[in-house]
Amino acid sequence: MIPDSKKIKILWTDDEIDLLRPHILFLQEKGYTVEIATNGHDAIDFVQSQHFDLILLDENMPGLSGIETLNKIRLLNLTIPVVMITKNEEEHIMETAIGSKIADYLIKPVNPNQILLSIKKNLDTKKLITRETTSAYQAEFRNIGEQINLARSFADWEDIYRRLVYWELELERSDDQSMFQVFSMQKTEAGNGFSRFIRNNYLSWFTEKNTNKPLLSPAVFKEKVFPLLDQKKKVFVILIDNLRLDQWRILSPIISEYYTMADESLFCSILPTSTQYARNAMFAGLMPREIASINPDLWSDDEDEGSKNMNEESLLLKQIARFGKNYRVYYEKITHTRNGKKIVDNFANLLEYDLTVIVYNFIDLLSHANTEVEMIRELAGNDTAYRSLILSWFQHSQLLDMIRQMAENNITVVFTTDHGSIRVNNPIKVVGDRKTTTNLRYKMGKNLNYNPKDVFEIRDPYAAHLPKTDVSSSYIFAINSDFLAYPNNYNYYVNYYRNTFQHGGISMEEMLIPVVTMLPK
């Protein structure tokens with residue numbers, strides 16, 4: 001229910017206020033309190049001395065005009081909604097009013113229902129959204145539940161995840177916490193179903209007879225990038241490390257000011273869903289075992305010292321050569337603002353290349369900081385807050401400057417990622433030797449001790465086209481929001497990592513990730 005409108009106080013300013021008495025009476029009968037002013041000076045005095053929830057303001061008044069009054073009101077109060085009412089339909093008047101941050105713009109003559117609608121739109125929007133969103137999700141709840149139970153293919157899970165992300169973002173805008181809890185339970189149910197699907201089907205995707213596998217990491221450039229280059233388009237690949245579908249959805253409205261989303265697809269990150277495996281596979285166009293076999297000098301095992309992604313440009317060039325292509329390629333990894341600014345400042349030089357690939361590491365760095373820095377853990381304590389930090393970064397980033405320049409220069413963009421992440425909260429005990437990998441979402445090693453029911457195990461790494469450092473090496477993967485913890489110093493370990501964002505295992509968030517082809521407007 002919308003709260004009693006008697007609590008809402010309106011100031012209506014118009015030099016012909018007597019002609020509006022029927023309108024004022026209509027609002028009073030609806031329960032609104034309405035104060036009146038006949039000129040801008042009186043309106044300003046009212047705003048200085050009283051609280052108002054909304055102002056109705058005539059644009060064409062003698063003395064102080066509506067625009068002048070609006071500007072003075074804004075000096076006193078930046079947040080109060082102002083609805084401009086005018087006889088003048090000239091475009092420059094509308095633009096000036098909108099530029100002064102009005103809440104709405106109505107053309108005289110107005111009828112009482114127009115006024116009422118504008119009031120509700122500006123004062124009751126949050127409550128109306130909550131009511132309508134809750135009602136709509138309640139209607140969808142059963143349909144999504146049935147779809148989860150009937151899902152048999154990767155395409156089914158793509159559709160389910162898209163719908164869940166849509167409703168997560170919609171319900172986030174509402175105030176109905178009880179309904180959000182219902183949604184969270186349904187999302188957990190879907191996550192369990194997806195994990196069963198991966199456990200039952202993942203290895204079959206690597207058999208020669210299987211033609212029904214999804215687009216996997218190694219095929220992204222072949223399927224999504226090379227065809228655009230073959231059409232003689234200049235292409236930029238923007239890869240944001242560790243970007244999820246929900247995070248892409250909050251960035252896309254900003255990008256859509258400059259680009260049309262010609263194709264928004266989901267592909268499946270390979271396991272492990274970590275940068276070392278998934279991103280190297282993307283750039284190489286090969287699974288990790290093949291990279292280690294064909295180009296051992298370009299592959300680093302988990303136990304090797306240093307970064308595991310130092311050879312992406314070389315891997316990409318070898319993939320291009322393997323397909324018999326001859327593209328001019330520029331590659332850059334952005335890890336701090338200095339080289340980000342350098343790219344933007346020297347943008348004109350990038351136009352010489354057929355393919356420009358830029359990797360942005362901000363979100364991955366943020367996820368690590370969420371584990372290691374207490375302040376970031378406070379700021380990004382849940383998915384909503386995490387999305388908010390990512391949106392704030394993007395709005396003020398050099399990447400957005402880059403996107404504007406790309407659009408101005410008619411550049412086709414493929415916007416993608418290598419894997420997503422998930423907030424973990426449930427520890428699973430695993431015992432391994434000192435050479436076992438340290439990642440919380442997967443382990444590779446020999447003599448691993450665990451409960452097979454708790455994880456997805458791959459005893460023969462070659463079956464999943466993964467390398468192994470020992471003849472008896474195997475992999476295990478955490479599922480949904482689980483994370484793998486050693487028994488030693490168990491309580492400290494669990495408390496330190498619980499509610500942090502991790503990647504490497506099996507979840508919709510980590511594996512179902514966007515690849516978007518964007519055409520400049």
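Colleague: How should I read the 2% relative accessibility of Ser195, as buried or exposed?

Modeller: The general idea is that a residue counts as buried when its relative accessible area is under 20%, so Ser195, at 2% relative accessibility, is buried. Please keep in mind from the start that this is a predicted model.

Colleague: Where is Ser195 found, and what is it in contact with once its neighbours within four places in sequence are left aside?

Modeller: Ser195 is found in helix H8, which covers residues 177-201, and, when its neighbours within four places in sequence are set aside, Ser195 is in contact with Ile479, Asn480 and Ile506. A polar atom of the Ser195 side chain also lies 3.0 Å from the backbone oxygen of Gly191.

Colleague: What should I notice about the phi of Asn480?

Modeller: Asn480 has a positive phi of about 50° although it is not a glycine, and Asn480 is found in the loop between strand S15 and strand S16 (482-485). Asn480 is also buried, because its relative accessible area is 14% and the cut-off for burial is under 20%. His465 is likewise a residue other than glycine with a positive phi, near 55°, and His465 lies in the loop between strand S14 (456-458) and strand S15 (474-477).

Colleague: What does Phe477 touch, if residues up to four places away in sequence are not counted?

Modeller: Phe477 touches Pro272 and Leu271, and also Arg441, Tyr442, Val455, Phe456, Ile458, Leu466, Gly504 and Ile506, with residues up to four places away not counted. Phe477 lies in strand S15 and is buried, with a relative accessible area of 0%.

Colleague: Where is His503 placed, and is it buried or exposed?

Modeller: His503 is placed in the loop between strand S17 (501-502) and helix H21 (508-511), and, at 10% relative accessibility, His503 counts as buried. Beyond its neighbours within four places in sequence, His503 is in contact with a list of residues including Thr273, Ser274, Thr275, Asp364, His419, Asn439, Arg441 and Glu510.

Colleague: How do I read a pair of helices, such as H10 and H18?

Modeller: One can look at how their axes approach and cross, and then at which residues meet. The axes of helix H10 (residues 245-255) and helix H18 (residues 383-395) come within 10 Å and cross at roughly 30°, and this crossing is right-handed. On the H10 side, Asp246, Gln247, Ile250, Leu251, Ile254 and Ile255 meet Tyr386, Arg387, Ile390, Leu391, Phe394 and Gln395 of H18. The residues of this contact divide into eight nonpolar, two polar and two charged.

Colleague: How does the pair H11 and H13 read in those terms?

Modeller: The axes of H11 and helix H13 (residues 312-322) come within 7 Å and cross at roughly 35°. In H11, Arg279, Asn280, Met282, Phe283 and Ala284 meet Glu312, Leu315, Leu316, Gln319 and Arg322 in H13, and the residues of that contact divide into five nonpolar, two polar and three charged.

Colleague: Which residues touch the most other members of the largest nonpolar core?

Modeller: Of the 112 residues in that core, Tyr202, Leu355, Met402, Met406 and Phe415 touch the most other members. Helix H7 (residues 154-172) contributes the largest share of this core, nine residues. Apart from it lies another core, of 20 residues, among them Trp12, Ile17, Leu54 and Val83.

Colleague: How many helices and strands does the protein chain have, and what share of its residues is buried?

Modeller: The secondary structure comes to 21 helices and 18 strands, and buried residues make up 54% of the 521 residues in the protein chain. Among contacts with a separation of 6 or more, 74% are accounted for by residues 24 or more positions apart.

Key: Residues numbered from 1 in each chain as written. Predicted model: local features only at pLDDT ≥ 70, side-chain atom pairs only at ≥ 80, totals over all residues. Heavy atoms only, no water. Core = buried A, V, L, I, M, F, W, Y, C linked by side-chain atoms within 4.5 Å. Buried < 20%, exposed > 50% of the residue type's maximum accessible area, 1.4 Å probe, protein only. Helix = DSSP H or I, 4+ residues; strand = E, 2+ residues; numbered from the N terminus. Axes fitted to C-alpha atoms, helices over the stretch in contact; angles between N-to-C directions. Left-handed = near helix turned anticlockwise from the far one by under 90°. Contact = heavy atoms within 4.5 Å. Nonpolar A, V, L, I, M, F, W, Y, C, P; charged D, E, K, R; others polar. Polar contact = N/O pair within 3.5 Å; in protein donor to acceptor, adjacent residues only side chain to side chain.
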